[in-house]
Amino acid sequence: IKMAAKPSSPASVPVRAASKRYPTLVNFFIYNATFGPKEGQEHEKILFYSPDDVSLDMKIRNVGLSEAMVKFTETFSPDHPCDSVHTQRKRQLFFQPETEYWMILTVSLPAFERKTKDDKIVVEYREDDVQDSVYTAVLKLAYKMFRLFNGTFVNIMAKDGKAVLVNRLQRFFSIYLQSFKFNQLDVLDVHGGILFLPLDKHSFLRIQSFVNWTEQTFPQIKYTAFLYSDQIVWSGLEQEDMRVVYKYLTSSLLPNHIDLESGTPLPGAGRSPAKDPSAHPGWFLTGPRDLKDPTKPIKTPRIFVNCDKSKSMEELHLIVYHALGATACFMVSADAPVTHDFCRALDSYVGPQLGQLSRSVQEQIIKRVPSTSEPQYKFIYFNHMNLAQKSTIHTKKPPHVLVQGDIMKLLCDINADFAKAGEDGETIMKTSGDCWVVGKRLDQRESFVVLPQKNANLIEINEEVKRMCALNFNNIFFLD
């Protein structure tokens, strides 16, 4: 059991006299030291560097410093060299996604600027506000997103050469880096979990039957995933691949095309109508822009799965089809052409059924009796085995966190302690603001509970956590 106070803050300074700087991207680069082994060839190591408007000498200097740090730490830990470098004003994260390839992310530390009595500007850097586990997760996800749409670095090099690799890195990361929101990161980014929608047996079997019959009718479909709103019902992909595809769907594709609450298309979303719009409510999110016009090209993202198994890496077309609140993702073999005839047949077969399934799921959700009382506690749950995630701390619309930022940092710290220990355990803390925070890890499952009960004692908190587990996870075994 630990007692934890809030991180120190410039409380003696009036709020109007202080301004806060949030973490920002300083630089992000990817290099391979084997590409420029000789003096004068150092620039050849650099595969991508952002920002691009710095001098070549600065790029070479920063890459060289990172390379030296890796080489130095390899002396002490050959299999696990440098993870991060902490300085007074910056934090640098290191990740080696593939042999000889390194990705480096540097962010500025958050800081407070305030004036002293003699009008001097004093900057206080908040090192504890940037957790390595969170930003390492951001770095790893950046690589997995690139790999999803482009394949591995090694594969691109072997197939197309260095120039193509550099070009793809430039095209992808020049856009992807704009999605970084460092002031909104927390323990959910570390978990990278998936929201699952529990259904009764009848509804689940109907969806599973729909998937099986669709794959049998269209044998070029290798994998299928079924979502309702932003929750997974069924997936035929490997978990790690589905985790990345799910992140792409819920953070980019779906929010840009549909209202996740109502399932209706957003204005200008590029609806691709059925042959008869009155026949069913289905439409393509990726695929043909207009089924009635065969002259218009069909654009589908190409994705790469099973990349961790080099001999079985698969390239697929990603066709995403939506009806009402339901979304079906069909992953078609890249060897099979996606033609208008195929899309029209898929639309005719899937559209009516997907609409019916969506209505069935919606009816079941409406019948669920919501809780009449709002519990005092908030919790986060994550299962490392199936990547299932649930949170009452985060709201969807508008996106918001219902607990203070200092408490979210405590949750990240507890999670990092669990990861470092590598074994089951429990941590109970009481903050200086009289809020209890409980973290528990057991059998690859983690739960974090926040209880704002000022006058409760340790025994009462323990009983409250037990009641919370019984109410929300009655089908999950938690040891006392």
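Okay, quick definition to start: two strands pair if DSSP finds at least two bridges between them. Helices (H or I, at least four residues) and strands (E, at least two) are DSSP runs, numbered from the N terminus.

What you see is a predicted model, where local features need pLDDT of at least 70, side-chain atom pairs count only at pLDDT 80 or more, and totals for chains, interfaces and linings use all residues. Residues are numbered from 1 along each chain as its sequence is written, and side-chain values use heavy atoms, with hydrogens and water left out.

So, the sheet. Strand β17 (residues 378–383) runs antiparallel to β18, and 3 bridges join them. Look at Tyr 381: its bridge partner in β18 is Lys 390. These two strands belong to an open sheet of 5 strands, in the order β18-β17-β23-β22-β21, with antiparallel pairing. At the edges sit β18 (389–391) and β21 (425–430), each pairing on one side only.

Now some rings. Which way do Tyr 143 and Phe 153 meet, stacked or edge-to-face? Rings of Phe, Tyr and Trp (its six-membered ring) pair if their centres lie within 6.5 Å; planes under 30 degrees apart are stacked, over 60 edge-to-face, the rest tilted. Here the centres are 5.4 Å apart and the planes at 75°, so this one is edge-to-face. Tyr 143 is in helix α2 (residues 132–150) and Phe 153 in helix α3 (residues 153–160).

Are they buried (under 20% relative accessible area, 1.4 Å probe, protein chains only) or exposed (over 50%), with partly exposed in between? Tyr 143 is buried at 4%, and Phe 153 is buried at 1%.
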